[in-house]
Amino acid sequence: MKSNMRIHPLDKLISDDSLFFLEAMVPFVEFPYKKPLVLFIKYRELMCILESLNNRDYISSCGFDCHPNSTEDIFIQMCDFLPGDMVSSIKQMKQMMSMMEMMNAAQDNSHSSSPTNSTSNNIFSNNNSGKDSLFESVLSILNNEERE
């Protein structure tokens, strides 16, 4: 885990400290015992988490009760737990969306003299000819880059 990343609230729900000791042992056990040990650790972690989810006050104290004011707040808080490359991708998408919003605002301003055309020329909306919006095209390009 990177030093700039916080401990995820899900990890806080695991109250059995002996599991951390068992995790540290995995590299040192013989090969045939690694898989059963890891399965046991993950089973115990899952059981601890499920037991913890029954206590609303405890899960709230562990950070499972967020009330963000906007979608942007959600992404900002999520970035604390994501690897650096994912954070940079999200920042790039946010910059692209801001740029498209500025282009949209500029386009709306240029068509303000014709109110019937301002909605149909919105770069985020689909036009009636069946072509994808600019926003959907950009998302399609980003998805193709991630697959490569």
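Start with Glu72 and Lys94. Their side chains meet in a salt bridge, at 3.2 Å, N to O. By salt bridge I mean a side-chain nitrogen of Lys or Arg within 4 Å of a carboxyl oxygen of Asp or Glu. Glu72 sits in helix H5, residues 71-79, and Lys94 in helix H6, residues 84-110, so the pair ties together parts that are 22 residues apart in sequence. Helices here are DSSP runs (H or I, at least four residues), numbered from the N terminus. Glu72 is partly exposed, at 42% relative accessible area. Lys94 is partly exposed too, at 43%. The classes: buried is under 20% relative accessible area, exposed is over 50%, partly exposed is in between, with a 1.4 Å probe and protein chains only.

A word on the source. This is a predicted model, where local features need pLDDT of at least 70, side-chain atom pairs count only at pLDDT 80 or more, and totals for chains, interfaces and linings use all residues. Residues are numbered from 1 along each chain as its sequence is written, and side-chain values use heavy atoms, with hydrogens and water left out.

How many salt bridges does a search of the whole structure find? Two. Glu45 and Lys42 also pair this way, at 3.0 Å, N to O. Both lie in helix H3, three residues apart, about one turn of the helix. Is Glu45 buried or exposed? Buried, with 11% relative accessible area. Lys42 is partly exposed, at 45%.

Now the packing of H3. Helix H2, residues 18-25, packs on helix H3, residues 31-52, at about 155 degrees, with axes 10 Å apart. Axes are lines fitted to C-alpha atoms, for helices over the stretch in contact, and angles run from 0 to 180 degrees between N-to-C directions. H2 and H3 are therefore roughly antiparallel, a label for angles over 145 degrees.

Who makes the contact, meaning heavy atoms within 4.5 Å? From H2, Leu19, Leu22 and Glu23; from H3, Leu37, Phe40, Ile41, Lys42, Arg44, Glu45 and Cys48.

Last stop, Leu142. Leu142 lies in helix H8, residues 134-147. Its relative accessibility is 15%, so Leu142 counts as buried. Which residues does Leu142 touch, not counting those up to four places away in sequence? Met93 and Met96.

Conventions. Helices (H or I, at least four residues) and strands (E, at least two) are DSSP runs, numbered from the N terminus. Angles under 35 degrees count as roughly parallel, over 145 as roughly antiparallel, 65 to 115 as roughly perpendicular and the rest as oblique. Contact means heavy atoms within 4.5 Å.
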